[in-house]
Amino acid sequence: MNNVSESVLEINGLEVVYSTNRGDVKAVRGIDLDVRRGEILGIAGESGSGKSTLAVALLRLLKAPGKVTGGSVVFNPAGRSPVDLLKVHGEELRVLRWSSLSYLPQGSMSSLNPVMRVQDQFKDVILEHAPDRRNSLHEMIPRLLAQVGLEPRVAKMYPHELSGGMKQRVLMAIAVALEPDLVIADEPTTALDVTIQRVILQSLADLRTDFGVTLMVISHDMGVHAQLADRVAVMYEGELVEVGDVRQVFKDPRDPYTRQLIESIPKLGRRAS
Ligand SMILES: Nc1ncnc2c1ncn2[C@@H]1O[C@H](COP(=O)(O)OP(=O)(O)OP(=O)(O)O)[C@@H](O)[C@H]1O
């Protein structure tokens, strides 16, 4: 399509403060960052560096005592006019959610409704945002499940019948059901064991290849970024200290903090002697 901006998201000067009775915590301190269409952008940094705050602020899900105190977040969905996410309200925001901008929060595996079959959870999201797809649900649900490596019979299961990795895959399939421009996944592999982590990362990579979705993946684990991301942005105490091509950053980190994060990755394949 012509005139599609190369960036899905343009974050400029974003600032977020939590006002607490012990004073203000500046959780995001003037971040400038572009998310390019079709890329997998990793957001790295240790716990408390502001990664989740960045995500919830731009998704307009920030809760009190958090407050955006500056900046803009221009979102460029394909085929629609650019919008500053910090300025949209009500119905406009609701329309953007799921259909253009989708979010897998940290610990989202527990967000599946325990008394609903998987297929009904898909239906809820799809019909809420795209009621015209009612007649194609029977074809869509197994196709989306297959996309994340799950068999059609999973549609009839309840969350308690699924392993953690299967739940995460169901959530990923729901997140891409409406073909959003951007999916933001916060710690998608945390709390899963290592072999399942690999499967989840591969499924995320496949979603990008097959749907052309742009992904922003938040993880404290540099190993996740090494395996998945095209570019990585490193946060430290609310600031971006380094952004670059993932191979370049790993080969030659410019910031000492980035170097520390890389050095903290357990070496894969090293045999115990
Ligand atoms: N509700 C809140 N009230 C006060 N301070 C908060 C609140 N939420 C987060 N913070 C502070 O904001 C800073 C950034 O936290 P944030 O959760 O965004 O970091 P993170 O990198 O995502 O870490 P984690 O992966 O552990 O969630 C931290 O100093 C944190 O203590």
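**Helix packing and ligand shell in a predicted model**

Residues Gly164, Gly165, Gln168, Arg169, Met172 and Val176 of helix H5 are in contact with Ile196, Val199, Ile200, Ser203, Leu204, Leu207 and Phe211 of helix H6 (C-beta atoms, placed from the backbone, within 7 Å). By class, this contact of H5 with H6 comprises 8 nonpolar, 4 polar and 1 charged residues (Ala, Val, Leu, Ile, Met, Phe, Trp, Tyr, Cys and Pro count as nonpolar, Asp, Glu, Lys and Arg as charged, and the others, Gly among them, as polar). The structure is a predicted model, in which local features need pLDDT of at least 70, side-chain atom pairs count only at pLDDT 80 or more, and totals for chains, interfaces and linings use all residues. Residues are numbered from 1 along each chain as its sequence is written.

The axes of H5 (residues 164-176) and H6 (residues 194-211) come within 10 Å and cross at roughly 15° (lines fitted to C-alpha atoms over the stretch in contact, with angles from 0 to 180 degrees between N-to-C directions). H5 is therefore roughly parallel to H6 (angles under 35 degrees). Helices are DSSP runs of H or I with at least four residues, and strands are runs of E with at least two, numbered from the N terminus.

Around the ligand, the shell contains 15 residues, of which Tyr18, Ala27, Ser47, Ser52 and Thr53 come nearest (a residue is near if its C-beta atom, placed from the backbone, lies within 6 Å). Strand S1 (7-20), strand S2 (23-36) and helix H1 (51-58) each supply at least two shell residues, and H1 gives the most, with 3. The shell divides into 4 nonpolar, 10 polar and 1 charged residues.

Note on methods. Parallel < 35°, antiparallel > 145°, perpendicular 65-115°, else oblique. Contact = placed C-beta atoms within 7 Å.
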